[in-house]
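Trainee: I would like to learn how to read a few features of this model. Please take them one at a time.

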Protein chains: 4
Amino acid sequence: MSGLVIAGIRLSSRLFLGTGGLPRPSLLEPVLDAAEPALVTVSMRRTSSDAPGSVLDVLERRGIPVLPNTAGCLSAREAVLTAELAREALQTDWVKLEVVGDEASLLPDAVELIEAAGMLVSRGFTVLPYTTADPVLARRLADLGCAAVMPLGAPIGSGLGVLSPHDIEAVVAAVDVPVVLDAGIGTASDAVLAMELGCSAVLAASAVTRAEDPVAMARALRLAVHAGELSHGAGRIPRRAAARSASPLEGRVG
Amino acid sequence: MSGLVIAGIRLSSRLFLGTGGLPRPSLLEPVLDAAEPALVTVSMRRTSSDAPGSVLDVLERRGIPVLPNTAGCLSAREAVLTAELAREALQTDWVKLEVVGDEASLLPDAVELIEAAGMLVSRGFTVLPYTTADPVLARRLADLGCAAVMPLGAPIGSGLGVLSPHDIEAVVAAVDVPVVLDAGIGTASDAVLAMELGCSAVLAASAVTRAEDPVAMARALRLAVHAGELSHGAGRIPRRAAARSASPLEGRVG
Amino acid sequence: MSGLVIAGIRLSSRLFLGTGGLPRPSLLEPVLDAAEPALVTVSMRRTSSDAPGSVLDVLERRGIPVLPNTAGCLSAREAVLTAELAREALQTDWVKLEVVGDEASLLPDAVELIEAAGMLVSRGFTVLPYTTADPVLARRLADLGCAAVMPLGAPIGSGLGVLSPHDIEAVVAAVDVPVVLDAGIGTASDAVLAMELGCSAVLAASAVTRAEDPVAMARALRLAVHAGELSHGAGRIPRRAAARSASPLEGRVG
Amino acid sequence: MSGLVIAGIRLSSRLFLGTGGLPRPSLLEPVLDAAEPALVTVSMRRTSSDAPGSVLDVLERRGIPVLPNTAGCLSAREAVLTAELAREALQTDWVKLEVVGDEASLLPDAVELIEAAGMLVSRGFTVLPYTTADPVLARRLADLGCAAVMPLGAPIGSGLGVLSPHDIEAVVAAVDVPVVLDAGIGTASDAVLAMELGCSAVLAASAVTRAEDPVAMARALRLAVHAGELSHGAGRIPRRAAARSASPLEGRVG
């Protein structure tokens with residue numbers, strides 16, 4: 001496996017993780033062991049009940065990169081400010097850019113997102129925007145200089161998987177940067193499908209943190225992402241309406 | 001992982017393989033290395049262009065159990081005869097029972113299948129019938145003494161995956177014996193889904209043998225079956241129509 | 001529209017109705033006005049709280065044919081007996097044959113169904129069997145002399161629509177007799193889809209009787225069945241992954 | 001049926017039609033008879049091989065409103081100019097606003113669309129924008145003063161129907177103006193589904209003009225839209241995983 005490279009950095013896997021919703025702090029390390037994530041995204045505005053500082057300590061000790069995100073920001077201005085604070089606090093210019101248009105649906109606001117992405121790129125950030133699965137918008141984001149695009153499969157925390165595989169394939173076809181499936185993943189089959197549609201990586205958060213057994217689900221997703229990367233590259237058989245026997249009728253064994 | 005037990009025999013994995021359609025004999029061993037199958041099913045009536053004898057030699061040398069199948073049989077009588085020949089030739093009383101009702105669709109014939117299953121059980125065979133995804137029929141087969149049931153996800157060789165997840169879940173709920181998803185698997189996400197629906201194992205044949213890269217697909221399926229077993233047991237999050245943020249809005253990091 | 005003919009009888013529409021679950025007897029006539037059903041199926045063993053006798057009176061007065069059914073029968077013997085009672089009581093040799101294998105799922109039992117169908121055909125009945133969406137079983141039923149086959153789209157009363165469109169298309173392709181989609185219909189789009197898959201008619205029961213507004217749903221289904229018949233015959237455009245503009249770019253209007 | 005009102009105008013039906021791709025001019029009037037459209041959308045930049053002038057004459061003679069569209073426009077500026085030309089040429093201030101971001105996919109460009117919508121509203125147009133099925137973008141368009149929003153079910157001319165029913169429901173929930181499903185309709189079941197998801201009307205173009213029998217498909221779609229309006233209002237039964245018998249087991253008829 002050649003590995004995923006974003007903005008010149010080679011990542012160690014194709015699974016991104018959000019751990020903010022884990023029910024107990026003691027689950028963090030076993031989940032990281034099981035998931036082997038390329039990075040962990042951390043909210044600058046939303047934090048879990050376990051002290052965020054300790055999460056950062058754990059990640060630093062293990063050498064797992066932190067991807068600060070701007071979850072909860074409702075305007076470009078707020079997102080840019082949050083990214084600046086993150087850069088200062090966490091000493092990274094990477095940012096997962098979220099600008100939501102609605103606090104209930106948590107769906108991205110295309111207009112503010114484009115504006116924020118442009119501003120952050122011009123300020124030297126490595127920007128990974130959370131976006132609708134819209135290939136035209138994704139191409140605009142890539143053209144602005146975003147390092148990857150992160151289309152949603154379904155609303156955050158919904159566990160609905162990939163609502164429109166067609167749209168994710170269209171995003172993959174539209175851009176030259178890596179596509180990371182963000183939001184919607186509920187279980188392992190969703191993650192495999194995302195990879196088979198051509199995504200370069202998958203982000204999971206609630207799927208792990210709210211599973212009954214977060215460690216088992218973390219392990220499942222690690223395997224799933226790897227399985228999907230392999231099957232995507234293996235050249236699957238075409239779908240056929242009719243049956244086709246596995247082997248020609250020729251003779252008898254024995 | 002506690003492992004799958006059928007008829008008192010503990011199998012080494014949850015992936016069953018059919019290798020009859022491999023384009024080159026030289027692919028057999030690398031595919032077996034990649035798939036680590038619990039067993040390999042071999043047609044008594046249909047054979048691949050590579051000499052079947054050598055396949056059996058390879059399996060024996062590697063200690064991989066052989067599951068003879070009755071593919072191509074159109075009646076109970078023919079299937080029972082084929083199973084008897086297999087038992088004699090291969091020294092195993094296990095048989096994957098196929099009685100198809102139509103040479104084009106290769107779909108099972110419920111009536112002949114029930115008749116053949118009853119006859120084979122009474123003759124001491126360990127019977128794993130290929131069946132429609134019909135819970136009533138599956139329960140009949142289990143009640144007759146079949147050691148597992150093998151419902152189809154989609155027609156043989158179609159690569160359509162699991163056409164009706166609801167039906168597979170109903171079969172799993174209807175029987176006490178292991179359910180092995182047979183036919184329809186096209187790629188890794190199909191295999192994960194089958195496991196998440198509650199199947200105990202998955203059989204793949206064309207998905208591997210006709211993939212552009214059979215070895216990569218074999219490895220993908222091995223990981224997929226393991227991922228699906230884990231995610232099925234991990235207690236996935238419920239599907240929700242609305243969004244739900246990954247963590248509460250509480251404060252700021254840094 | 002040339003009209004549907006079953007067993008030599010030209011039916012007045014392509015919508016079959018079950019009215020047994022209507023919440024109030026007074027809804028029966030408005031529902032019949034709205035649905036304009038080809039016939040109404042009446043259970044010989046299960047009856048609604050309104051006196052069944054009065055239902056039969058209404059149907060007779062309106063000239064709507066009655067199709068007695070054997071709902072609730074668990075064996076071929078019981079179904080045949082019920083059909084004989086129906087023939088005597090209702091003066092019709094038509095019967096919708098139901099032999100269920102499980103009182104919870106109400107799914108057909110293939111083995112008992114085949115046996116009952118054969119017995120009823122030989123006794124001169126016009127048999128319309130409720131069956132799994134299994135083309136091999138459907139062909140067996142047709143070959144036995146059944147006048148139509150009635151595959152299920154989804155379990156009775158589930159409102160899940162057509163779980164596997166592929167299977168319904170396969171049943172349509174497998175038999176020469178009319179195919180009537182039975183069970184699963186939840187709303188109008190399900191009925192249109194069934195017709196577009198090639199069914200000759202659709203049966204609705206709970207979809208109407210348990211809707212909040214049974215009369216509006218009855219009217220919707222009447223229109224839906226007609227819409228689906230038309231669109232099936234109209235030669236729909238192929239599905240294409242890519243866009244295609246509606247008209248060539250040539251000039252400007254005005 | 002109370003009827004659809006957009007911008008204070010009561011429309012005569014809930015089916016919008018595009019006729020630009022009809023294979024023969026002689027089909028126009030039979031298609032209009034069959035479809036009974038609320039209005040016909042006419043491209044200002046793309047025209048069919050039949051002289052557009054004659055289409056306008058037919059529509060005027062029949063009293064069918066014309067909805068000029070800006071298909072083919074790639075920028076807000078171009079779309080506004082085209083709308084101005086349409087207003088002058090056709091004496092209507094209604095415009096179906098299309099600003100596509102890509103000539104291959106014909107998908108809307110969110111940024112240019114918002115800009116054009118704002119300009120057109122401020123110039124006194126009644127604006128119906130063709131948009132992605134994005135509830136945040138749809139609400140922005142409604143807040144700008146658009147009279148309706150027209151989300152796509154699938155790419156123009158694809159016939160893929162509604163790729164993500166969830167997204168269309170979200171758009172319906174997000175705005176107070178009518179939602180008209182635009183693009184993707186391939187056949188009647190797609191149109192019923194769109195209405196059942198809560199759309200107020202449906203636009204069809206290629207589905208009719210490229211069908212083998214455009215007149216039959218036009219009639220099917222007219223019935224489908226009506227069926228879907230009724231079933232949406234009728235309060236469908238809930239989807240249930242398990243079966244439920246149509247009526248209680250109580251006694252016997254006859």
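Trainee: Leaving aside its neighbours within four places in sequence, which residues is Lys96(A) in contact with?

Mentor: First, the ground rules: this is a predicted model, in which local features need pLDDT of at least 70 and side-chain atom pairs count only at pLDDT 80 or more, while totals for chains, interfaces and linings use all residues. Residues are numbered from 1 along each chain as its sequence is written, chains are lettered from A and ligands numbered from 1 in the order in which they are written, and side-chain values use heavy atoms, with hydrogens and water left out. Contact means heavy atoms within 4.5 Å. With those sequence neighbours left aside, Lys96(A) is in contact with Thr41(A), Leu67(A), Pro68(A), Asn69(A), Thr70(A), Leu128(A), Tyr130(A), Met150(A), Asp182(A) and Leu203(A).

Trainee: What does UniProt list for Lys96(A)?

Mentor: The unreviewed UniProt entry lists Lys96(A) under "active site". UniProt positions are in the numbering used here, feature names are shortened, and annotations may be inferred rather than shown by experiment.

Trainee: Where is Lys96(A) placed in chain A, and is Lys96(A) buried or exposed?

Mentor: Helices (H or I, at least four residues) and strands (E, at least two) are DSSP runs, numbered from the N terminus. Lys96(A) lies in strand β6, residues 94–97 of chain A. Buried means under 20% relative accessible area, exposed over 50%, and partly exposed in between, with a 1.4 Å probe and protein chains only. Lys96(A) has 4% relative accessibility, so Lys96(A) counts as buried.

Trainee: Where is Ala7(D), and what is its phi?

Mentor: Ala7(D) sits in the loop between β1 (4–6) and β2 (9–11) of chain D. Phi of Ala7(D) is near 55°, a positive value in a residue other than glycine. With a relative accessible area of 46%, Ala7(D) is partly exposed.

Trainee: How does chain C superpose on chain D?

Mentor: Copies are superposed by least squares on the C-alpha atoms of residues with pLDDT of at least 70 in both. A rotation of 180° with 0.0 Å of shift along its axis superposes chain C on chain D, with RMSD 0.0 Å. That is the relation of a two-fold axis. Of the interface residues of chain C, 100% are also interface residues in chain D, so the copies meet through the same surface.
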